[in-house]
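Trainee: Could we go through a protein model together? I'd like to learn how to read one, step by step.

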Number of protein chains: 2
Amino acid sequence: MSEEDFKVTPFEVEGKVDYDRLIKEFGTDEIDQNLLQRIEKNAGELHKFLRRKYFYSHRDMDKILDDHESGEGFFLYTGMGPSSKMHIGHLPALMFTKWLQEKFNVNLYIQVTDDEKFLFKDKEYEQVQNYADDNIKDIAALGFDEDKTFIFKNTEYAGHLYEKAVKIANRITYSQVRSTFGLDNSSNIGSLFYPAIQMVPTLFEEKRCLIPSAIEQDPYWRLQRDVAPKLGYKKTAAIHSKLLPGLKGPEGKMSSSKPSTTIFLDEDIDEIPEKINKYAYSGGRTSKEEHREKGGNTEVDTSFQWLQILLEDDDEEIERIKKEYESGQMLTGELKQIAIEKLQNFLKDFQKKRKKAEEKVDKFKYNGELAQKMWE
Amino acid sequence: MSEEDFKVTPFEVEGKVDYDRLIKEFGTDEIDQNLLQRIEKNAGELHKFLRRKYFYSHRDMDKILDDHESGEGFFLYTGMGPSSKMHIGHLPALMFTKWLQEKFNVNLYIQVTDDEKFLFKDKEYEQVQNYADDNIKDIAALGFDEDKTFIFKNTEYAGHLYEKAVKIANRITYSQVRSTFGLDNSSNIGSLFYPAIQMVPTLFEEKRCLIPSAIEQDPYWRLQRDVAPKLGYKKTAAIHSKLLPGLKGPEGKMSSSKPSTTIFLDEDIDEIPEKINKYAYSGGRTSKEEHREKGGNTEVDTSFQWLQILLEDDDEEIERIKKEYESGQMLTGELKQIAIEKLQNFLKDFQKKRKKAEEKVDKFKYNGELAQKMWE
């Protein structure tokens, strides 16, 4: 696969993604300066994911702001596919969703797609269930609003999803899912129906839905925007992120089936230094001398990318690191050391919250205000 | 379409069905003398549907009798597609199911496939719901065991169906449903998934399932028998009936969208004579003289077929009518008069029971012993 080739579907990412080209291919809009200013005006600040263009593409985000400004309001929906323990690549979309909920004070629905991971991956049903229950605890640790957030597993909540899914499914043909998702004759009939299930939460309220997710999920929302108006609902809006680069570099996606490509949320803090030092893809030069002379490449350096996207809030500090690394003043070992310390602190903090979160799971699933309403 | 051509799928029946050829095409077994004797020995008698070979084909009915004789037992499952008000063509399978429940004292699950009729027919969702609720009252009037019968609408019970449906769907490809059901690229994705939903009740118990239904439904059971063992369940057994001929003759199927092809269960008793006299296909000759000389054809005569299949319990009386009509002694008008009177009595009796049945619906759906257990 040449540098120009890449493939992005909801099920796989191959090659080095050209995100600008993806915007054109998917037909989404770039988040421009104008939109950033409107978001900042309404939210009071800009999340670093926006400042640093990690969330960089959207559909109808301007209409979401219109709805917010007019007082009509909107709601948030995002999801989690429980095919493994969660890793840091899963966090940005959820963290950004939490920020949006806080700033706009809106309802949030989090769909845990246990059916999807069973139907699309070669996993045992019970295994997926275990991951789902485990993932929900991780999600609960992120601190969403307990009375405005409903977390549900598809198989458990199916009784409330099926009727709307059938109405959606009735409007989508095999040809459409084949071309949109790359399914084929050998695809199982559960996977063919599944897109309808993933679209249901966009119809949970009559308000407009905003979906923060990685851009790979966009095909679902494109199809939703085709179907929803026919059922008397609004086209969903979406705000898309890039993908957090894997430990081993910018090609492909973090994969929990390859532990050397990622850091799990329950990773042993003491083993992080070795994992980063051993696996983290470096943008540094082959020799110290060459590095001092020509400088490192932050674009492809995993440690830098993780700092910039996820770990370092301070824009000035990121600028300093970037300048020193690119000028050759900072060596790969030093950059890795910064990333290691930041990552250790980040995960220590998360793991502490995770312990306290277990008791909150029932709130999100059953007893919080929104959850109760959704089970009625 | 020549006399030799016919088409039978779960969704349509065209032409005059050659039932013997259908057994070969579907790969089912004929109900032979041996099997009839075993059923009679266990049930204490033979239902007229069996004596007259209206239920004529099966899969593993011998194993059902083995399971009954060994004390392991079995359970019954049948269904109703609510695309219209119910007509007399819907009754034989249900009446036979009731007989089996009585004779073998077993649990019975009746699936009302509201999702199917919405996904496969061009009907409004609300309209299908109304038919479903109406059909359930008709079914309740047939007098099933209130503590051993569970009637459910798929959309209402979906929360309890979806998990098993997903496990079934995971084992069936698009190619399989395409060839088994004649679906294609333009089929909606709900219809592609639907077969999994229809198979779920065969897995409600670990015992063997017996499905009494018209033979057109067999493709579902063929696929079930492929999938069930892979999920650790038994292949379902089935016992198949022919189709009750339409008012207008032996070709095609009764269709509620064409009221002149059938008699509805709520048909005005006083209008039955005109409907039979006007529409009932006759096996009589064109002139009275020719009829007296050559006799009528009972094989294609709707009045005779309805008497033989549904309305006349007495074998000797049926023999008498057959002999007199075929010899020319009985004229079409006389035969129609017998059918009219029998049908009027049959429907009067049904409509009386239907009025009392409305209060029983909750028993079958929610409060009976089996229903309660199924909602837990």
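**Reading the model**

Mentor: Let's start with one residue: A:E156 has a relative accessible area of 30%, so it counts as partly exposed. The cut-offs are under 20% for buried, over 50% for exposed and partly exposed in between, with a 1.4 Å probe and protein chains only. Before we go on, this is a predicted model, where local features need pLDDT of at least 70, side-chain atom pairs count only at pLDDT 80 or more, and totals for chains, interfaces and linings use all residues. Residues are numbered from 1 along each chain as its sequence is written, chains are lettered from A and ligands numbered from 1 in the order in which they are written, and side-chain values use heavy atoms, leaving out hydrogens and water.

Trainee: Which side chain meets that of A:E156 in a salt bridge?

Mentor: A salt bridge needs a side-chain nitrogen of Lys or Arg within 4 Å of a carboxyl oxygen of Asp or Glu. Here the N to O distance is 3.3 Å. The pair links distant parts of the chain, 209 residues apart, from helix α8 (residues 154-169) to helix α17 (residues 361-367) of chain A. The partner of A:E156 is A:K365.

Trainee: Is A:K365 buried or exposed?

Mentor: Look at the relative accessible area, which is 9% for A:K365. That value makes A:K365 buried.

Trainee: How many helices and strands does chain A have?

Mentor: Both are DSSP runs numbered from the N terminus: helices are H or I with at least four residues, strands are E with at least two. Counted that way, chain A comes to 18 helices and 9 strands.

Trainee: What radius of gyration does chain A have?

Mentor: The radius is taken over C-alpha atoms, and the globule rule is 2.2 Å times the number of residues to the power 0.38. With 376 residues, a compact globule would come out near 21 Å, and chain A agrees, so the value is 21 Å.

Trainee: Where does A:K53 lie, and what is its phi near?

Mentor: A:K53 sits in the loop between α3 (48-51) and β4 (55-59) of chain A. Most residues other than glycine have a negative phi. A:K53 has a positive one, near 60°.

Trainee: Is A:D60 buried or exposed?

Mentor: A:D60 is in the loop between β4 and α4 (61-70) of chain A, and its phi is also a positive value, near 60°. Its relative accessibility is 12%, so A:D60 counts as buried.

Trainee: Which helix holds both A:E324 and A:R320?

Mentor: Their side chains meet in a salt bridge at 3.2 Å, N to O. A:E324 is buried because its relative accessible area is 19%, while A:R320, at 34%, is partly exposed. The two are 4 residues apart, about one turn of the helix, and that helix is α15 (residues 315-327) of chain A.

Trainee: How much of chain A do buried residues make up?

Mentor: Go back to the cut-off for buried, under 20% relative accessible area. Of the 376 residues in chain A, the buried share is 57%.
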